[in-house]
Amino acid sequence: MSFSYLFLGCVAEDPQPKQAELLVDQLPEDPLFIEFMNSLQKSQANASRISKEDFEKIQQRVISASSFAEVEKDRYTLSGSNLKIEHPLLEMVILGQKLREKYPQLLVANPEEFDMLLAENISELVQKRSVHSANLRIFGACEEEFDTGIETCRNAALVASAACGLLTPTLLGALACGGFVYLSELVCIDDATKSYKTCKKYEN
Amino acid sequence: MDTIKKWETYSIFLALAVAFAGFFFKSIPIALLIFTFGLFVQGYIFYLYKKIDLQQEYLKKKAGAVIGGILFIAFFLLKDGI
């Protein structure tokens with residue numbers, strides 16, 4: 001959660017206690033906040049997919065930005081780079097900046113207060129999502145599908161390598177079988193990435 | 001011995017079938033089912049070795065394959081974390 005604080009309060013002023021509590025009633029109804037929360041969940045899922053160094057580079061650039069316009073300008077620079085920057089992360093940064101402009105009180109809340117604020121609103125958001133997603137494709141569905149695909153590839157690799165060890169009669173056989181499993185895993189991950197890209201095309 | 005060789009070949013195909021079920025049919029339950037069946041086949045192969053009193057040879061060959069398998073499991077578990 002402190003991760004979201006970074007994007008919302010990147011130019012935080014001196015903290016004053018209990019400011020966030022005042023926002024608890026206002027924020028859940030705000031579509032901008034709901035959009036931010038959706039984006040936060042997507043970004044957290046994506047953060048595990050990009051390398052630590054790349055993520056730190058993005059963080060560094062986001063923290064150094066002092067205004068919404070600057071972040072928006074930076075968005076195109078980052079998207080065009082070879083860092084494989086995930087769109088939701090930047091989208092979240094922009095929404096965070098908009099939210100900060102709309103609710104200046106956010107600037108004076110400390111990370112603990114943000115955690116409390118977001119924790120109180122996440123369960124409500126999940127409930128709303130489950131109602132609306134009955135017939136609609138929910139925001140972040142592509143990411144969920146991608147995660148499931150990658151998880152299946154990883155589990156299949158583990159089961160198949162166990163099978164190679166226990167079912168092949170010799171060490172040489174086990175090594176050949178393991179090589180086949182490794183190549184199959186690469187193909188499987190590639191397939192999942194392709195379907196993710198196709199899914200994103202239709203989502204946008 | 002020919003029967004043993006035949007079952008061992010069959011067992012290799014079962015190992016490949018586990019990989020196919022997991023990666024190309026995206027079904028872990030089917031992969032596990034084939035894997036379990038493969039373990040029974042291994043039990044039968046061991047029984048055949050034991051019948052001709054060569055169980056030591058079976059265990060010797062198998063130990064190498066199992067070590068290979070464990071190394072692969074460790075590799076697949078750790079490769080994303082490194």
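**Entry 1: B:Asp53**

I started with one residue of this predicted model. B:Asp53 is exposed, because 8 other C-beta atoms lie within 10 Å of its own, and the cut-off for exposed is 12 or fewer. I found B:Asp53 in the loop between helix 2 and helix 3 of chain B. I noted its phi as positive, about 65°, although B:Asp53 is not a glycine.

**Entry 2: B:Lys26**

I looked up another loop residue with a positive phi. B:Lys26 has a phi of about 50° and is not a glycine either. B:Lys26 sits in the loop between helix 1 and helix 2 of chain B. Is B:Lys26 exposed, partly exposed or buried? I counted it as partly exposed, because it has 18 C-beta neighbours inside 10 Å, and a buried residue needs 20 or more.

**Entry 3: helix 2 of chain B**

Next I took the helix that B:Asp53 follows. Helix 2 of chain B has 24 residues, so at 1.5 Å a residue it should span 34 Å. I checked the C-alpha atoms at its ends, and they are 34 Å apart, which agrees.

Which residues of helix 2 of chain B are buried? I listed B:Ala31, B:Ile34, B:Phe35, B:Gly38, B:Gln42 and B:Ile45. I recalled that an α-helix has 3.6 residues a turn, so residues three or four places apart point the same way. I then looked at what covers the buried residues of this helix, and the cover includes helix 8 of chain A and helix 1 of chain B.

**Entry 4: confidence**

The mean pLDDT of chain B is 88, and 98% of its residues reach 70 or more. Within chain B, helix 2 (residues 28–51) has the highest confidence, at a mean of 91. Helix 3 (residues 55–78) of chain B has the lowest, at 88. For the model I wrote down an ipTM of 0.90 and a pTM of 0.52.

**Entry 5: chain A**

I turned to the other chain. Chain A has nine helices and zero strands. Of its 204 residues, 29% count as buried. I also looked at contacts in chain A with a separation of 6 or more, and 79% of them join residues 24 or more positions apart.

**Entry 6: where the chains touch**

How many residues of chain A are in contact with chain B? I found 30, and they contact 28 residues of chain B. Helix 8 (141–167) and helix 9 (171–203) of chain A each supply at least two residues of this side of chain A. Helix 8 of chain A gives the largest share, 15 residues. I sorted the residues on this side of chain A into 20 nonpolar, nine polar and one charged.

**Entry 7: nonpolar cores**

I looked for the largest nonpolar core and found one of 29 residues. A:Ala160, A:Ala163, A:Cys164 and B:Val18 have the most contacts inside it. The elements that give this core two or more residues are helix 8 and helix 9 of chain A, with helix 1 (2–23), helix 2 and helix 3 of chain B. Helix 8 of chain A gives the largest share here, eleven residues.

I followed A:Ala163 and left out residues up to four places away in sequence; A:Ala163 touches B:Ala15, B:Val18, B:Phe35 and B:Gly38. I then noted a second, separate core of seven residues, which includes A:Phe36, A:Met37, A:Met92 and A:Val93.

Terms used:
Residues are numbered from 1 along each chain as its sequence is written. Chains are lettered from A and ligands numbered from 1 in the order in which they are written. This is a predicted model: local features need pLDDT of at least 70, side-chain atom pairs count only at pLDDT 80 or more; totals for chains, interfaces and linings use all residues. Helices (H or I, at least four residues) and strands (E, at least two) are DSSP runs, numbered from the N terminus. Two residues are in contact if their C-beta atoms, placed from the backbone, lie within 7 Å. pLDDT is the predictor's confidence in each residue, from 0 to 100. Ala, Val, Leu, Ile, Met, Phe, Trp, Tyr, Cys and Pro count as nonpolar, Asp, Glu, Lys and Arg as charged, and the others, Gly among them, as polar. A nonpolar core is a set of buried Ala, Val, Leu, Ile, Met, Phe, Trp, Tyr and Cys residues joined through C-beta atoms within 7 Å. The expected span of a helix is 1.5 Å times one less than its number of residues.
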